[in-house]
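Please read the numbered points beside the model.

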Amino acid sequence: MSKIHFETIALIGIGLIGSSLARVIKREGLADHIVISTRSESTLKRAEALGLGDSYVLDSAEAVKNADLVIISVPVGSSGDVARHIAGSLKAGAIVTDVGSTKGSVIAQMQPELPAHVHFIPGHPLAGTEYSGPDAGFAELFANRWCILTPLDGTDPAALDRLTKFWEACGSRLDTMDPVHHDRVLAIVSHLPHIIAYNIVGTASDLEEVTNSEVIKYSASGFRDFTRLAASDPTMWRDVCLHNKDAILEMLARFSEDLASLQRSIRWGDGDALFDLFTRTRAVRRGIIDAGQEVDAPDFGRQKAGAKSA
């Protein structure tokens, strides 16, 4: 099978995902020309200093003029504004996709703005670290990680095939989902864990009887892992919460019920219930490792990724 190739790819947004895409596109030779656009002049200059693209522009409408593939890597709350701004500059037949963690909201924002002569195929690579910005990216970010596409009714099969092959060339494993189902799945496997982490770290920092220095000095591995999630980009996660609120609130309600059950088990000394829960959840962890979605290492493989993003 021949490798997928585009003449011009426009990357709108050059944070962790965008800069990782730029690196893997260059490494794999997936485009003749990479155009990078971001609203921040300093970020754009940094991307240029890193050699992430071939041309660099502040105006996203200018960036997409000759692009065969446009990848929008901005916080989900900004996706509609970007679509509105670039709509008049998109060439016929271009594929437009995104990398947002919510799909229903992104589709509602972007679809009405985009012209009929382009192929809009929403997407979401399930890959990331707590780092952000153009320095944070690395070409291996997508290796063996799932990328979920949520094609709309009437999506052109050839365009979907090209986008699928693009993500496969980046190292991803591909799946397709209905947008509503995607948002419910991600609410439990991604959004809720981040919300819990933000809350736990916030609670620890607010405890009057424990100083911040003690929280840092005596942090055990469990708390340190929560701080990794809680260090994620605030703008991104604010938008995720606001734009997938129905699914998140549903999962928070279920979590609250399960937490209340756990409280009762602890209060009444129900060791059997505690042991059963901990055994069941331990098996889930092993299943994730066996599926190749995590490594069985003390730092969960993040030390290597962090070194690359430093």
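1. Which residue in β9 does L149 stand opposite? The residue is T176. The model is predicted, so to speak, by record: local features need pLDDT of at least 70, side-chain atom pairs count only at pLDDT 80 or more, and totals for chains, interfaces and linings use all residues. Residues are numbered from 1 along each chain as its sequence is written, and side-chain values use heavy atoms, with hydrogens and water left out.

2. Strand β8, residues 146–149, pairs with β9 in the parallel sense over 4 bridges. Strands here are DSSP runs of E with at least two residues, and helices are runs of H or I with at least four, numbered from the N terminus; pairing requires at least two DSSP bridges between two strands.

3. These strands belong to an open sheet of 3 strands, ordered β7-β8-β9, with mixed pairing. Because β7 (123–125) and β9 (173–176) each have a single partner strand, they stand at the edges, and one side of each is left without a neighbour in the sheet. From one strand to the next, the twist averages 20°.

4. Helix α7 (residues 179–206) and helix α10 (residues 234–243) have axes that come within 11 Å and cross at roughly 120°. Axes are lines fitted to C-alpha atoms, for helices over the stretch in contact, with angles from 0 to 180 degrees between N-to-C directions. The angle makes α7 oblique to α10 (under 35 degrees is roughly parallel, over 145 roughly antiparallel, 65 to 115 roughly perpendicular, the rest oblique).

5. In the contact (heavy atoms within 4.5 Å), S190, H191, H194, I195 and Y198 of α7 meet W237, V240 and C241 of α10.
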